[in-house]
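Welcome, and thanks for taking a look at this one with me. Here are some notes to read alongside the sequence and the model.

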Amino acid sequence: LENGAGAPPDVPDLRSDLSTIIAVPEGRAYLAQVPGASQAPLSDAGLAAVLNWILETFDADAGDFRRFTAEEIAGYRGTTLLDPLRRREELWDAAAAARELAGYRR
């Protein structure tokens, strides 16, 4: 929605879910590879700008994340996700395991 709210579990909530996903190294690639992003009629620089804006605008937990670059996006777009929902679930589980190992409690 316009305020970043999603409809979990099908549509992530941009206000909190993205920072969880990018906490896992493969999560950065995921954001650029989901069909809505990878197939968007945007240049690599344009998609990088949109992803950076979303994280900066909606997800305060993203903190001082490393901004996406056009070059990074170009590399990620070369791989198509065959099952984006399953991949998101894997990333979510990996992020949860990492938080648990670090003693993180939300």
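1. Let us begin with a term: a salt bridge is a side-chain nitrogen of Lys or Arg within 4 Å of a carboxyl oxygen of Asp or Glu. With that in hand, you can find a network of salt bridges that links Arg 28, Arg 66 and Glu 72. Please keep in mind as you read that this is a predicted model.

2. Now for the overall picture. The protein has six helices and zero strands, so its pattern along the sequence reads α-α-α-α-α-α. Of its 106 residues, 39% are buried. If you take the contacts between residues at least 6 apart in sequence, 66% of them join residues at least 24 apart.

3. How many salt bridges does the structure hold? There are six, and the general idea behind them is simple: side chains of opposite charge can pair when their charged atoms come close.

4. Within it, Arg 66 pairs with Glu 72, and their closest N and O atoms are 3.8 Å apart. Are these two partners buried or exposed? Arg 66 has a relative accessible area of 55%, over the 50% cut-off, and therefore counts as exposed. Glu 72 has a relative accessible area of 12%, which is under 20%, so Glu 72 is buried. Arg 28, another member of the network, is among the buried residues of α2.

5. Another salt bridge joins the side chains of Asp 44 and Arg 77, at 3.0 Å from N to O. This pair links distant parts of the chain, with Asp 44 in helix α4 (residues 44-58) and Arg 77 in helix α5 (residues 70-77), 33 residues apart. Asp 44 has a relative accessibility of 24%, between the 20% and 50% cut-offs, so Asp 44 counts as partly exposed.

6. Which residues of α4 are buried? They are Leu 47, Ala 48, Leu 51, Asn 52, Ile 54, Leu 55 and Phe 58. The cover over these buried residues includes α1, α2, α3 and α5.

7. Helix α2 is mostly covered, with seven of its nine residues buried. Along with Arg 28, these include Gly 27, Ala 29, Tyr 30 and Leu 31.

8. Helix α4 makes the largest contribution to the lining, four residues. By type, the lining of the largest pocket has 15 nonpolar residues, three polar and one charged.

Technical notes. Residues are numbered from 1 along each chain as its sequence is written. This is a predicted model: local features need pLDDT of at least 70, side-chain atom pairs count only at pLDDT 80 or more; totals for chains, interfaces and linings use all residues. Side-chain values use heavy atoms; hydrogens and water are left out. Helices (H or I, at least four residues) and strands (E, at least two) are DSSP runs, numbered from the N terminus. Buried means under 20% relative accessible area, exposed over 50%, partly exposed in between (1.4 Å probe, protein chains only). Ala, Val, Leu, Ile, Met, Phe, Trp, Tyr, Cys and Pro count as nonpolar, Asp, Glu, Lys and Arg as charged, and the others, Gly among them, as polar. Contact means heavy atoms within 4.5 Å.
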